[in-house]
Amino acid sequence: MPNNLTEEQVKVQLAERCAQALYERDVATQHLGIELLFSAPGQSQVRMTVQDFMLQGHKTCHGGCMFTLADSAFAFACNTYNQPTVALGCSIDYVAPAYQGDVLTASCREKSRGGRTGNYDVEIHNQQDQLIAIFHGKSYRVKGEILSQENTND
């Protein structure tokens with residue numbers, strides 16, 4: 001292990017590097033102004049401010065924008081092991097509306113991971129810590145790696 005780091009510290013560093021690499025390639029997430037705040041093995045947190053172009057006909061945040069926020073948190077969390085994963089299925093329940101100017105934070109936690117699949121839950125809260133939506137994603141591991149072999153041991 002480099003620099004006398006503990007095994008846990010190495011895992012956290014790998015998770016952060018994987019999430020950052022994916023974030024840098026994720027044009028859709030960046031275009032919506034979603035920020036990557038935190039990543040650790042099986043976890044992530046992202047944030048987005050609801051903009052005027054994200055509003056639907058009732059002047060609340062479009063469900064698709066909230067789904068994208070949750071899906072981004074899910075993607076960063078399930079890809080923290082340098083093993084590429086994609087969504088196998090996702091669902092979302094909208095609990096309360098979000099409005100223009102609201103700052104939404106999506107926090108994802110791994111619930112299970114084994115074989116090629118994993119299960120992840122995401123909660124979206126606004127700036128007053130009010131629950132806005134609950135998302136569940138199931139991941140599927142595909143071939144390859146996120147970081148090249150020479151970059152995993154830096």
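Trainee: What should I know before reading the values?
Mentor: This is a predicted model, in which local features need pLDDT of at least 70, side-chain atom pairs count only at pLDDT 80 or more, and totals for chains, interfaces and linings use all residues. Residues are numbered from 1 along each chain as its sequence is written, and side-chain values use heavy atoms, with hydrogens and water left out.

Trainee: How many residues does helix H3 have, and what does it reach from first C-alpha to last?
Mentor: Helix H3 (residues 63–78) has 16 residues and reaches 22 Å, close to the 22 Å expected. The expected span is 1.5 Å times one less than the number of residues. Helices are DSSP runs of H or I with at least four residues, strands are runs of E with at least two, and both are numbered from the N terminus.

Trainee: Which residues of H3 are buried?
Mentor: Among them are Leu 69, Phe 74 and Phe 76. Buried means under 20% relative accessible area, exposed over 50%, and partly exposed in between, with a 1.4 Å probe and protein chains only.

Trainee: On to the rings: how many aromatic pairs are there?
Mentor: The structure holds four. Rings of Phe, Tyr and Trp (its six-membered ring) pair if their centres lie within 6.5 Å; planes under 30 degrees apart count as stacked, over 60 as edge-to-face and the rest as tilted. Phe 67 and Phe 135 form an edge-to-face pair, 5.2 Å centre to centre with 65° between the planes. Phe 67 is in helix H3 and Phe 135 in strand S6 (residues 131–141), 68 residues apart.

Trainee: And why does Phe 67 count as partly exposed?
Mentor: Phe 67 counts as partly exposed because its relative accessibility is 26%. Phe 135 counts as buried because its value is 1%.

Trainee: What kind of pair do Phe 74 and Phe 135 form?
Mentor: That pair is tilted, at 5.8 Å centre to centre and 50° between the planes. Phe 74 lies in H3 and Phe 135 in S6, so the pair ties together parts 61 residues apart in sequence. Ring pairs link Phe 67, Phe 74, Tyr 120 and Phe 135 into a cluster.

Trainee: New topic: how many bridges join S4 to S5?
Mentor: Nine bridges join S4 (residues 103–114) to S5 (residues 117–125), and these strands run antiparallel. Two strands pair if DSSP finds at least two bridges between them. Thr 105 stands opposite His 125 in S5.

Trainee: What about S5 and S6?
Mentor: Nine bridges join S5 to S6, also antiparallel. Asp 121 stands opposite His 136 in S6. Their hairpin has five residues between the strands, and Asp 129 takes a positive phi near 65° there.
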